[in-house]
Amino acid sequence: MLQCTALTAVRSPTGEIGYPSCELGEKHDGEHAECCWEEDAWGGAVWFRWDALGGRFVLLPWCEVAGGAYGDACTLFRNHPAAHSWSVVDPTHEAVRQELERQYPDLSRGPERP
Ligand SMILES: [Zn+2]
Ligand SMILES: [Zn+2]
């Protein structure tokens, strides 16, 4: 599943202008979401959620469901819509990853061995 391409501009609580881009799978239900900063002590992160009417910062626990080719934990928030992060492909990141793998095959990450 490709990543949602929604993008917006927002002033952070500390006054800087940021440009959140949605991390969810394309055609997801509900608001868009970008992880802004992790709150490790709390076990989650602050996300910026937005839609056509505006946005807000919300503290949400991690999804943490493991899966995908490498058994990675999902890096989205609990009960997020659409696919888990290990099934969502950012086409730009994927193009960069493939180019790096071509140039530096020694660095590519093989499947976990038992
Ligand atoms: Zn989105
Ligand atoms: Zn998930």
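Me: Happy to dig into this one with you! How many bridges join strand β4 to strand β5, and in which sense do they run?
Reply: This is a predicted model, where local features need pLDDT of at least 70, side-chain atom pairs count only at pLDDT 80 or more, and totals for chains, interfaces and linings use all residues. Residues are numbered from 1 along each chain as its sequence is written, while chains are lettered from A and ligands numbered from 1 in the order in which they are written. Strands here are DSSP runs of E with at least two residues, helices are runs of H or I with at least four residues, both numbered from the N terminus, and two strands pair if DSSP finds at least two bridges between them. For β4 (residues 44–51) and β5 (residues 54–61) the count is eight bridges, and the strands run antiparallel.

Me: Good start! Through how many residues does the hairpin join β4 to β5, and which residue is the bridge partner of W50?
Reply: The hairpin passes from β4 to β5 through two residues. W50 has its bridge partner in β5, and that partner is G55.

Me: What is the order of the strands in the open sheet, and why is one side of β3 and of β5 left without a neighbour?
Reply: Three antiparallel strands make up the open sheet, in the order β3-β4-β5. β3 (32–39) and β5 stand at the edges with a single partner strand each, so one side of each has no neighbour in the sheet. Between β3 and β4 there are seven bridges, and the β4 partner of E39 is G44.

Me: Let's zoom out. What is the run of elements from the N terminus on?
Reply: The chain has one helix and seven strands. Its C-alpha atoms fill a box of roughly 45 × 30 × 25 Å along the principal axes. From the N terminus on, the run is β-β-β-β-β-β-β-α.

Me: Now for A82: where is it, and why does it count as partly exposed?
Reply: A82 sits in the loop between β7 (72–73) and α1 (91–103). With C-beta atoms placed from the backbone, a residue is buried if 20 or more others lie within 10 Å of its own, exposed if 12 or fewer, and partly exposed in between. A82 has 17 other C-beta atoms within 10 Å, so the residue is partly exposed.
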